[in-house]
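Reader: I have a new structure to get through and would like to go over it with you. Could you put it up first?

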Amino acid sequence: ASAAKPLPAYAAWKQPDAMIVHSANTIETRREAFGSGVVTPLRQLYVRNNLPPPDESIVADRDAWVIEIAGVAKPMSLSVGQLKSMGLQTLAMVLQCSGNGRGYFPNKPSGTPWQVGAAGCVIWSGLPVSVLVEHCGGLSAAAVYMTGTGGEKLPDGLDPNMVMVERSVPKEAMRDALLAWELNGEPIPLAHGGPLRLIVPGYTGVNSVKYIKRLAFTEKESPAAIQQTGYRLAPPGQKGDPTQPSVWAMGVKSWINTPNPAASTLKAGRVVVQGVAFGGTNGIKQVEVSTDGGKNWRKAELVGPDLGRYAWRQFALPVELAAGEHLLVSRATDTEGRVQDEERPQNSGGYINSSWRDHGVAVVVQ
Ligand code: MSS
């Protein structure tokens, strides 16, 4: 086996044995490191950057960071210090990379082969975008999308549209969106988008733009490649293009974290099957567990605090396992009755894999 890659400097404070370092910009939480608390500790939270993060100096004076607001009746620029005087909301949310679960696509799409760990359930505090919009006199009549621009310094000599992180989501997504300055009760670390991050709850990670420097309500989607051709559900073998669906809202998903063969060998007898389940923009109604690869199902118990519709729920089911091989799987249902898919959605980017079959855990009991 090749030696584990070290954590990059900007994320050196992460817990090394909890993480899989795919590259300096793609760092995954190990399945066995999720633990059994509902909130993912920051030292265990995954990191994904499309561009290298800006210099640490941008978080030296957090309140001085300025964001430009456009596509509203009264466009303006506001500092984080000013935003803090305008309102406050806190929400728990599953932050999940669009490509989480890509590692289970058999055709190996290009991109990081994430397993389950490009996700976490975290708590953001900041100003509701709806309050900000009201402060700015309301949306411009032409607004269709909410477009956020990342504050990275772009490499010289390249067409900005090819590299910049600028994402558009339907303007309706502003309903519970935040401009956040705090994560799990701390100023947002640079690695996770401090000093200011757009939070679009229920949508995949790429839509929550870090170090946001501009929020615009636009008539058209961003011209950036990351919007036009990236993060599109392209049929297998095809390139992304703007006619295909954009990767926006997340689907119903669950997976088992323990038992996990990577962490321990199992003795016959009672084990508690535990994991997490979330519904994207909806809460979770129930989770079923199967120890025979989906032939028979039993309802698990939802445990721990319910932190709201955008958070994940933990589930647990004690089962008796006999010696032999077992395929443990879980299947979630959201509050609107949508059931987690059995199969992955085939697409060339390896996005939004919510397949319960792919996320099963094979255990050998002695
Ligand atoms: N933002 C910015 N500005 N930049 C970048 O790069 N990335 C994305 C988001 N945001 C970016 C941003 C992605 S892609 C993701 S996932 C996320 O972020 C992550 O987060 P964290 O905090 O974890 O790192 Mo996929 O869909």
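Reader: Thanks. What lies 2.7 Å from a polar side-chain atom of His192?

Author: An oxygen atom of the ligand. Before going on, note that this is a predicted model, where local features need pLDDT of at least 70, side-chain atom pairs count only at pLDDT 80 or more, and totals for chains, interfaces and linings use all residues. Residues are numbered from 1 along each chain as its sequence is written, and side-chain values use heavy atoms, with hydrogens and water left out.

Reader: How many residues are around the ligand, and which come nearest?

Author: There are 22, and the nearest are Asn50, Cys97, Ser98, Glu152 and Lys210. Near means that a heavy atom of the residue lies within 4 Å. The shell has 11 nonpolar, 7 polar and 4 charged residues. Ala, Val, Leu, Ile, Met, Phe, Trp, Tyr, Cys and Pro count as nonpolar, Asp, Glu, Lys and Arg as charged, and the others, Gly among them, as polar.

Reader: Where does the ligand sit?

Author: The ligand takes up the space of the largest cavity, meaning that more than half of its atoms lie within 2 Å of the cavity's grid points. On a 1 Å grid over the protein atoms alone, a cavity is a set of points where a 1.4 Å probe fits but cannot get out, while a pocket is an open set with protein on both sides within 12 Å along at least five of seven lines; lining residues have an atom within 4 Å of a point.

Reader: What volume does the largest cavity have?

Author: About 250 Å³, where a volume is the space filled by probe spheres set on the points, and grid points are joined across faces, edges and corners. The largest cavity is lined by 21 residues, with Arg48, Asn50, Arg197, Gly205 and Lys210 closest to its centre.

Reader: And the largest pocket, how much space is in there?

Author: About 360 Å³. Its lining has 19 residues, and Arg102, Ser110, Gly111, Gly349 and Tyr351 lie nearest the centre. By class, 5 are nonpolar, 11 polar and 3 charged.

Reader: Changing topic. In what order do the strands of the open sheet run?

Author: The order is S1-S2-S3, with antiparallel pairing. S1 (19-23) and S3 (47-48) are the edge strands with a single partner each, so one side of each has no neighbour in the sheet. Strands are DSSP runs of E, at least two residues, numbered from the N terminus, and two strands pair if DSSP finds at least two bridges between them. S2 (residues 26-29) pairs with S3 over 2 bridges, and Thr26 is opposite Arg48 in S3.

Reader: Which residues does a cis peptide bond join?

Author: One joins Gly194 and Pro195, with omega about 10°. Another joins Thr258 and Pro259, with omega about -5°. Pro259 is in the loop between S14 (253-258) and S15 (269-278).

Notes:
Polar contact = N/O pair within 3.5 Å; in protein donor to acceptor, adjacent residues only side chain to side chain. Helix = DSSP H or I, 4+ residues; strand = E, 2+ residues; numbered from the N terminus.
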